[in-house]
Amino acid sequence: MKRITILIADDEVEIADLVALHLQKEGYHIIKAFDGKAAVQAVQTQAIDLAILDIMMPGMDGYEVTRKIREQYHLPIIFLSAKTSDMDKITGLVLGADDYMTKPFNPMELVARVNSQLRRSLQFSQSVPIQRSILEKGGLIISPDQHSVTLYGKPVELTPKEFDILYMLASHPKQVFSAESIFEQVWGEAYYESGNTVMVHIRTLRKKLGEDVGKNKFIKTIWGVGYTFNE
């Protein structure tokens with residue numbers, strides 16, 4: 001059986017040790033990094049299955065680490081940070097993090113969230129892949145195999161969650177999806193006050209697709225209901 005490896009990146013040694021202690025009890029192999037550059041190097045040189053990142057780290061903060069990781073890898077990322085504002089959380093999620101916890105934290109809750117993210121990730125990688133076809137919609141080409149999007153021949157850089165939202169909507173044109181259904185299908189978790197998370201991802205997705213406010217060619221808001229894809 002494959003050994004599951006978790007990266008803990010936090011410049012507070014006591015926090016990193018505490019998290020490591022609880023995760024090691026679950027049987028996980030732990031790698032620690034105490035600054036952002038070391039965290040990126042660990043992901044690039046070792047088989048990391050999940051990363052737990054602090055935001056305020058020396059050399060390279062957690063946001064930049066996430067950007068670097070998302071350039072090549074799709075492993076789950078959980079932010080564990082003392083930054084508690086909604087904007088900090090939204091920024092982390094938009095950059096490609098899968099979850100966000102604030103300090104002080106309950107170690108057992110963190111373990112539960114780690115288990116949830118790994119369960120989703122490992123089930124996806126080990127299951128028989130569902131055949132997903134390339135979608136072409138008005139100059140927009142979405143390739144699930146390459147996990148790539150081009151618009152009129154130009155690449156559009158999306159986070160994994162943005163890609164999944166776009167593909168889900170484009171796969172069912174004219175069907176209206178509520179924020180709740182989008183969250184539950186894309187994040188694979190029960191909906192818990194996550195409307196802003198979906199809204200922010202839709203907003204950044206539209207911006208990357210070059211859509212002007214009020215002139216949404218691809219993703220349309222059905223007020224009071226949800227979102228749909230214009231064919």
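Phe-105 sits in the loop between strand E5 (99-102) and helix H5 (107-126). Keep in mind that this is a predicted model. Is Phe-105 buried or exposed? Its relative accessibility is 15%. Buried means under 20%, so Phe-105 counts as buried. What does Phe-105 touch, leaving out residues up to four places away in sequence? The list is Ile-15, Leu-18, Val-19, Leu-80 and Leu-110.

Now to Ser-81. Along the chain, Ser-81 and Phe-105 are 24 residues apart, and their C-alpha atoms are separated by 9.3 Å. Ser-81 belongs to strand E4 (residues 77-81). Ser-81 is buried, at 0% relative accessible area. A polar atom of the Ser-81 side chain lies 3.0 Å from the backbone nitrogen of Lys-83. Beyond four places in sequence, Ser-81 has contacts that include Asp-54 and Lys-103.

Those two bring us to charges. Side chains of opposite charge can pair when their charged atoms come close. Asp-54 and Lys-103 form a salt bridge, 3.7 Å from N to O. Asp-54 is in the loop between E3 and H3, and Lys-103 is in the loop between E5 and H5, so the pair ties together parts 49 residues apart in sequence. Asp-54 is buried, at 3%. Lys-103 is buried too, at 13%. Both also belong to a salt-bridge network with Asp-10 and Glu-12.

How many salt bridges are there? The count is 11. Take Lys-161 and Asp-98, at 2.4 Å. Lys-161 is in helix H6, Asp-98 is in the loop between H4 and E5, and 63 residues separate them.

Then take Arg-67 and Glu-64, at 3.0 Å. They are three residues apart in helix H3, so about one helical turn separates them.

Methods: Residues are numbered from 1 along each chain as its sequence is written. This is a predicted model: local features need pLDDT of at least 70, side-chain atom pairs count only at pLDDT 80 or more; totals for chains, interfaces and linings use all residues. Side-chain values use heavy atoms; hydrogens and water are left out. Helices (H or I, at least four residues) and strands (E, at least two) are DSSP runs, numbered from the N terminus. Buried means under 20% relative accessible area, exposed over 50%, partly exposed in between (1.4 Å probe, protein chains only). A polar contact is a pair of N or O atoms within 3.5 Å; within protein, one must be able to donate a hydrogen and the other to accept it, and residues adjacent in sequence count only if both atoms are side-chain atoms. Contact means heavy atoms within 4.5 Å. A salt bridge is a side-chain nitrogen of Lys or Arg within 4 Å of a carboxyl oxygen of Asp or Glu.
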